[in-house]
Each structure stands twice: as structure tokens, then as C-alpha cells.
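Hi everyone, thanks for coming along. Please have a look at the structure on the screen, and I'll walk you through a few parts of it.

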Amino acid sequence: MRRFRGLAIGLAVLILVLAGFLFLRSPKPIIELKAETIFSIGPFNVTNTYITSWIVIIFISLFAYAATRRMSLVPRGIQNLFEAILEAIHNLVVNTAGEKHGRRFFPVIATIFLYVALCNWFGLLPFFATVGKVEEIDAHEAAFHEKGVVIQQKAGLNVIMPAADDVELPETVTLPDGKVEEVNANSSVEVKQLAIDEAKKEAGLSEDAKIGVLIPFLRSVNTDINGPLALAVWSAIFVEFWGISTYGFFRYGSKFFNFGRLLRGKIVDGVVDAFVGILEFVAEAARLISFTFRLFGNIFAGEILFLVVIFLAPLLFLDFVYVMELFIGAIQAFIFGMLTLVFGVIAVSAPHAESEGH
Amino acid sequence: MELIHLFPLLEIGDPGLRFLAAGFAMAAGGFAPAMAIGLLVGRAMEALGRNPEAQPVIQTNMILGIAFAEAIAIYALVVAVMIGFVF
């Protein structure tokens, strides 16, 4: 039997891949860059990523509450887990920033790390991209999509099941009087209705079957660019705050507005100094953009990868993608926290006493 | 959109060209970061071989450097996705 083990494994892999490919493929992925609004409170649109971020915050709070409820000197259970995580982050922060500053930086870095890691991991739960409300493709709707999915209802919720059919509206329709019209968001109502009917007939659906685009209720927080942008802005604010609170506003500001030598009459040195100051500003802005896009790009690309792999070859390759996403989610959280920490250390320890006399 | 016929299969203004653009953006933008990460990890392995005791420090700084290099590839990816799926 030992001889056939390799053969058995190979056969099992082949069967899994074929079964996934033939029976369980999802419809063509519809990739949306913007986060979709679920409901609005007055002028404020509550998007699905916003709801998810609140769920993550509540989860962290409950976790912290459960860990500190009955604290003992020798930690057990959830307190032990929490202490292990926090101790690891604390060692990292203190090793990089030194004792004195490490204590000050620790809450912010730990928050960034935990929040981003949990946000990324929450996005891997099964019901995240598939359960939601439906925006039907309707000729009278203002928002008009060109492809959709046959919507099914399971237990009252709209779900995209594996092996659902996708429906794509035709590009052009021939009106009864012979004209050929293009179908897009600006077409007239009857053109759109004709296109929808034609697509339904082609897919073999009855007239009253619903096709539409699914808007998920929950979406991974960092797939919306506002999530990483907010974190990057706060990270920049904290770095500047640490610098200013250590050195005072003018001494820290002399890193950016270096007009001392220019005002003293040394033109060439002064201009170089002023230019370097402006470059520091540009570096700060570039850091903001790079923080945002690094986190956003990694997580959004992971989501696209998921959708595409589910469309192409579910069941086996999906497991590898899942492991990779777990890993990347944790690494990106670590990187965000570490970069904030490193820039904070630079901000509080760079020699600002370059001007003569200090 | 006016299509200028070049070859039987390729026309300037062809709406399918944007997928070509997306693919090219990702290919061009992924090359340099890949080389950078390879060099970085290579040097880190050398340093690790010389001084295995410094492993945590080397590893942490290597991951940090990889993050910077990968960010450039991510910018290219975002541009490619926007060309291919949003515009």
C-alpha cells in the first residue's frame, strides 16, 4: 500500500481540482473599487467597510474586556493570550525605540498592529463577499450595471452560491424599427429593458427572474481606500506629535523651515537648507501616500485574487491563496506598525540642533 | 470612437486595448521591485550566514526593506487594476 500513496494523493488532488472546476465555480467577478453604501444617516453614507470596522473595534474591546476581567498575577486563559501578544509587541517597540520613548509609543503601535491584523483577518471569513443586498439590474434604475448574477435567496438572505450563473447584458440591441443602439448607462429606458429581456432569454431564465449585482453587507476594511488613508493620516499626526512634544514646536519645525542660515546672510547655504526643508515636507507627503497604497494595494489585490481564483479553480488552489492571505494580512499589519515606529524614532532622535548656538 | 484600422486584428481605439495596457503596466512595474527584493534577501542571507546570532535584528530589518520595495509593485498593481476594471 505504501507504493500507492503517491498515486492516491495525486489522484485526490486531480479529483478535487476537477470537481472544483466543473461544479463549484462562481460567476465572473465584479470588482468594485469603491465601498458600497448600505444605508445613509442624513448626509453620512454608511458603507460596508465602515460597518466591518466597527465590528472589529467591538471585537477588540470585548477581547480586552474578557482578558482583564479577573486578573491574576499568574495569567491563565484569555489573559495569558492577551499578555503574550502585548508582550511581544512591547519587546519589539522597546528594542527599536529605547526604554524612554518605547513606553510612549507603545499604545499607538500596539493599536495599529492589532487593529490592522484583525481587520485583514476578518476579511477572510466566509460570509464577507457573498451575503448582502441586491441592486437589481432594472431599466428604470439610475445605477445601471452591465453584468449581473442570478440572485438566489437562502433563508431570506441574498447569497451568491457556488455555481451561480452570471448574466451579461448584450452590447447592442436591435430596436423593433431596425435601429441598432448601444446599451450603456445613458441609453433610454426601452433600450435597457430590451437588453435585459434579451439577456434573460439567452440565459434561459423566466421573465420575472431577478438578476442583479450583489452588494455585500460586510467588506474587508482595508479594501476601501479610506481605511488605510485614515490610518496613514493618524500615523503621520502621531509621528509629528511625538516630535513636537519632545523638542518643542519651533525646534522640531526647524527641520522643515530651515531659514536660519538664509536670514543670516549666507545665500548658498541658506538656499540649500531651505530646499532641504521643503524636501522633508515632500518626504512626509510621500510617506502618507505610500502607507496608504501599500496596505490598500496588498489587501485589495488579495481580494481580487480570491475572486479570480474562485472563478477559475476553486477547492484546491483556494487553500493556498487563503494561507497566503492570512500571512500577508499579518505581515502588512506588522509593517504598518513598524514603519510608524521607525519614523517616530527618527522624529524624536534626529539631531535638530544643527543651527549654530544650540 | 473612431477606429483606425492597422492590421486586421488591431485597431487603435479598440476597447480591448485597455486590458493590454493593464497587463503591460503590471509587467513593467513588477520587474524592478522583484529584482530589488531578490537582492535584499540575498544580502540578508549573507549577513545571516556570517552572524547567525543576529537573526532577529536581520530578519526584522529585512522585512522592513521588503515592505518598501514591494510598495512600488503595489502602486503598479493598483494602476493596472484601475485601468482594467474601473476606467
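Let's begin on one side of helix α5 of chain A, where Ile237(A) and Ser245(A) are exposed. Keep in mind that we are looking at a predicted model.

Now turn to the other residues of this helix. Which residues of α5(A) are buried? They are Gly227(A), Pro228(A), Leu231(A), Ala232(A), Ser235(A), Val239(A), Trp242(A) and Gly243(A). Looking down the axis of α5(A), you would find these buried residues within an arc of 135 degrees, so they line one face of the helix. Here is a handy piece of background: an α-helix has 3.6 residues a turn, so residues three or four places apart point the same way.

What do the buried residues of α5(A) pack against? Their partners in chain A are α2, α3, α6, α8 and α9. As for its length, α5(A) has 22 residues and reaches 32 Å from its first C-alpha to its last, close to the 32 Å expected. Just after the helix comes Gly248(A), with a positive phi of about 90 degrees.

Next, compare that with helix α3 of chain A, residues 78-122. A straight helix of 45 residues would span 66 Å, but the end C-alpha atoms of α3(A) are only 19 Å apart. Where is the kink in α3(A) centred? On Gly98(A), and the kink is about 130 degrees.

How confident is the predictor? Chain A has a mean pLDDT of 82, with 85% of its residues at 70 or more. Confidence in this chain is highest in α5(A), at a mean of 93, and lowest in strand β5, residues 152-154, at 64. Over residues 353-358 of chain A the pLDDT is below 50, and this stretch has three contacts beyond near neighbours in sequence.

Chain B deserves a moment too. Twelve of its residues are in contact with twelve residues of chain A. On the side of chain B that touches chain A, the residues divide into twelve nonpolar, no polar and no charged.

Finally, find Leu40(B), in helix α1 of chain B.

How values were computed:
Residues numbered from 1 in each chain as written. Chains lettered and ligands numbered in written order. Predicted model: local features only at pLDDT ≥ 70, side-chain atom pairs only at ≥ 80, totals over all residues. Helix = DSSP H or I, 4+ residues; strand = E, 2+ residues; numbered from the N terminus. Contact = placed C-beta atoms within 7 Å. Nonpolar A, V, L, I, M, F, W, Y, C, P; charged D, E, K, R; others polar. Expected span 1.5 Å × (residues − 1). Bend = angle between axes of the 7 residues up to and from the residue. pLDDT = per-residue confidence, 0-100. Buried ≥ 20, exposed ≤ 12 C-beta atoms within 10 Å, placed from the backbone. Arc of directions from axis to C-beta.
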